[in-house]
Amino acid sequence: MDALNSFYSSVDGVLFNKSTNTLIQCPGGKTGTYMIPNSVTSIGDDAFSDCTSLTNVTIPNSVTTIGYGAFSYCTNLSSVTIPNSVTSIGSYAFYYCTSLSSVTIPNSVTSIGSSAFYYCTSLSSVTIPNSVTSIGSYAFSYCTNLSSVTIPNSVTSIRSYAFESCTSLSSVTIGNSVTSIGNSAFYNCTSLSSVTIPNSVTSIGSSAFESCTSLSSVTIPNSVTASEVCVLLLHQLERDNGGCAQLLL
């Protein structure tokens with residue numbers, strides 16, 4: 001990049017805006033470990049998309065936002081540390097990061113965007129802090145190695161398909177501030193054996209637990225107003241478990 005360019009700058013082949021506070025584009029050929037400069041406050045949309053040889057990225061404490069699709073299709077990215085400065089993780093941020101094995105989301109993050117960790121098939125553990133208020137649609141869909149998740153008390157809604165096809169998910173703790181569980185939120189979580197839904201929940205979307213073939217017990221509180229969903233759940237449990245099911249209302 002020409003040093004006289006009025007709008008953009010380049011450092012080690014990576015494209016930034018002129019003031020280097022926004023990382024715009026990392027070249028697809030970047031390999032190994034990359035440390036984002038301390039001047040950066042925003043990782044732009046698709047900034048690292050398709051950097052398939054990148055294995056580790058260090059995000060400095062200066063960064064506050066991770067943009068749409070920022071690390072999508074970084075198929076060899078195995079480790080990433082999200083600093084306490086980050087307040088939002090954009091939709092599709094780590095989409096198809098199939099080598100990403102663990103993620104710690106800091107207490108500064110308030111929202112996890114839709115499809116943020118979609119198809120992170122190596123993701124075995126994730127820590128969702130008490131600062132998060134919403135988990136977006138498809139946020140953890142097809143995280144087939146994820147075995148347990150605790151949804152903190154700060155979360156008020158679990159959006160549609162949030163944990164769809166997390167086939168190793170055997171344990172779910174739902175915080176007592178969740179008011180709604182979206183359509184197909186836990187669809188095809190075939191290892192999930194029991195669920196306790198807290199008193200804060202007033203609505204459960206259609207097919208929320210469909211094809212959860214190991215699910216034998218569900219406790220639904222009186223706060224749930226959509227009674228037809230309760231009937232649907234009972235029929236679903238009977239179908240998925242060969243007519244042997246327990247539904248506690």
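A nonpolar core is a set of buried Ala, Val, Leu, Ile, Met, Phe, Trp, Tyr and Cys residues joined through side-chain atoms within 4.5 Å, where buried means under 20% relative accessible area, exposed means over 50%, and partly exposed lies in between (1.4 Å probe, protein chains only). In the largest such core here, which has 71 residues, Phe 48, Phe 71, Phe 94, Phe 117, Phe 140, Phe 163 and Phe 186 touch the most other members. The model is predicted, so that local features need pLDDT of at least 70 and side-chain atom pairs count only at pLDDT 80 or more, while totals for chains, interfaces and linings use all residues. Residues are numbered from 1 along each chain as its sequence is written, and side-chain values use heavy atoms, with hydrogens and water left out.

**Core**

- Strands (DSSP runs of E, at least two residues, numbered from the N terminus) contribute to this core, and β2 (14-17), β6, β14 (148-151) and β16 each supply at least two of its residues.
- Contact means heavy atoms within 4.5 Å, and with residues up to four places away in sequence left aside, Phe 48 touches Leu 23, Cys 26, Tyr 34, Ile 36, Ile 43, Leu 54, Ala 70, Phe 71, Ser 72 and Cys 74.

**Strand pairing**

- Two strands pair if DSSP finds at least two bridges between them, and an open sheet is formed by three strands in the order β4-β6-β8, with parallel pairing.
- Its edge strands, each pairing on one side only, are β4 (32-35) and β8 (79-81).
- Strand β6 (residues 54-58) runs parallel to β8 and is joined to β8 by three bridges, with Val 80 of β8 as the bridge partner of Val 57.
- Four bridges link β14 and β16 in the parallel sense, and Ser 171 in β16 stands opposite Ser 148.
- The covered face of β16 carries Val 172 and Ile 174, whereas Ser 171 and Thr 173 lie on the uncovered one.

**Two loop residues**

- Ser 115, in the loop between β11 (111-112) and β12 (125-127), is buried because its relative accessible area is 4%.
- Beyond residues up to four places away in sequence, Ser 115 touches Tyr 92, Tyr 95, Ser 137, Tyr 138 and Ala 139.
- Thr 167, in the loop between β15 (157-158) and β16 (171-174), counts as partly exposed because its relative accessibility is 27%.
- Thr 167 touches Thr 144, Asn 188, Thr 190 and Ser 191, again not counting residues up to four places away in sequence, and its C-alpha atom is separated by 7.6 Å from that of Tyr 142, 25 residues apart along the chain.
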